[in-house]
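Subject: Structure handover

Hi,

Here is the structure we talked about. Please load it before you read on.

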Amino acid sequence: GINAEYGVLSRVFGSDQSLGRECWCRLCLEKVKQSVPWEDFLKAFQQTVNVPTITDIQKECLKRLLRNDADEVTCEKFSQILDWIGPLTVGTGLLTTAESLLSRADFFGPISGRQAEQNLKNQPPGTYLLRFSVTQSGDYAITAVDENKTINHYKIQKTNGKYVVGDAKYDSLERALKEPPPPLQKVMLRPCPGSPYRDLFTQDYSEIIYASFSK
């Protein structure tokens, strides 16, 4: 029955994701859905966070993180993204977080350790990238080239709203990246070129948005 199906959503969305679950339930009035069209999701998301207007760049950031090749959003992906950049709250919080994360030149999104190594192959020492940890939802990882040209992975654990790197604990991801522990400071000198989100923040894209607003 539908109650059993809603029980499935409780397993997908953890106890700290009540607003995310509420957002998904808006899309499941007749039956529980595992995936929904992007436009339907965006409408339900906007109603849930109660934001009158979402900027074009914020929409695009959310779309890049959530939408699959079939132009749909799955409840699993939504829950995963909430683990990384949530929790979902009323207001623009999640949208602002998504935009500031994707605007970072060092951010490569949900890529594996092996993919990160491929990106850093032939890069000089001190080159690094930031990524979502695909093995542990909610965590991040830094992959970096050290002075011996060895590529290493460093975990940033998200625990109870804090970000833990080695023995150091930070209140925000930004702080952890700005003031990393000494071993990381040595290898975080230069963002790896080729972030998949750079095109969102180039002059051309801003001009496109501006043109669409000024028509």
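Below are the notes on the sheet, the helices, the aromatic rings and the cysteines.

This is a predicted model, so local features need pLDDT of at least 70 and side-chain atom pairs count only at pLDDT 80 or more, while totals for chains, interfaces and linings use all residues. Residues are numbered from 1 along each chain as its sequence is written, and side-chain values use heavy atoms, with hydrogens and water left out.

**Sheet**

Helices (H or I, at least four residues) and strands (E, at least two) are DSSP runs, numbered from the N terminus. Two strands pair if DSSP finds at least two bridges between them. Six strands make an open sheet with mixed pairing, in the order E7-E6-E5-E4-E3-E8. Strand E7 (168-170) and strand E8 (190-191) are at the edges with a single partner strand each, so one side of each has no neighbour in the sheet.

Now the strand pairs. E4 (residues 140-145) and E5 (residues 151-159) are antiparallel, with six bridges. Tyr140 has Ile156 in E5 as its bridge partner. Five residues lie between these two strands in their hairpin, and Lys149 there has a positive phi near 65°.

E5 also runs antiparallel to E6 (residues 162-165), joined by three bridges. Gln157 is bridged to Val164 in E6. This hairpin has two residues between the strands, and Asn160 in the turn shows a positive phi of about 50°.

E6 and E7 are antiparallel too, over three bridges. Here Val164 has Lys169 of E7 as its bridge partner.

**Helices**

Axes are lines fitted to C-alpha atoms, for helices over the stretch in contact, and angles run from 0 to 180 degrees between N-to-C directions. Contact means heavy atoms within 4.5 Å. H7 lies across E3, E4 and E5, at about 155° to E3.

The axes of H4 (residues 56-66) and H6 come within 9 Å and cross at roughly 80°. H4 and H6 are therefore roughly perpendicular (under 35 degrees is roughly parallel, over 145 roughly antiparallel, 65 to 115 roughly perpendicular, the rest oblique). Residues making the contact include Ile57, Cys61 and Leu65 of H4, and Leu94, Ala98 and Leu102 of H6.

**Aromatic rings**

Rings of Phe, Tyr and Trp (its six-membered ring) pair if their centres lie within 6.5 Å; planes under 30 degrees apart are stacked, over 60 edge-to-face, the rest tilted. The count is eleven aromatic pairs. One of them is Phe107 with Phe132, edge-to-face at 5.1 Å centre to centre and 75° between the planes. These two are 25 residues apart: Phe107 is in the loop between H6 (93-102) and H7 (113-120), and Phe132 is in E3 (residues 127-132). Phe132 also pairs with Tyr140, tilted, at 5.4 Å and 55°. Both Phe132 and Tyr140 are buried (buried is under 20% relative accessible area, exposed over 50%, partly exposed in between; 1.4 Å probe, protein chains only). Phe107 is buried as well, at 0%.

Ring pairs also join Phe13, Trp24, Trp38, Phe41, Phe45 and Phe78 into a cluster.

**Cysteines**

A disulfide is a pair of cysteine sulfur atoms within 2.5 Å. The count is zero disulfides. For Cys28, the nearest cysteine sulfur is that of Cys25, 6.0 Å away. Cys28 is buried, with a relative accessible area of 0%.

Best regards
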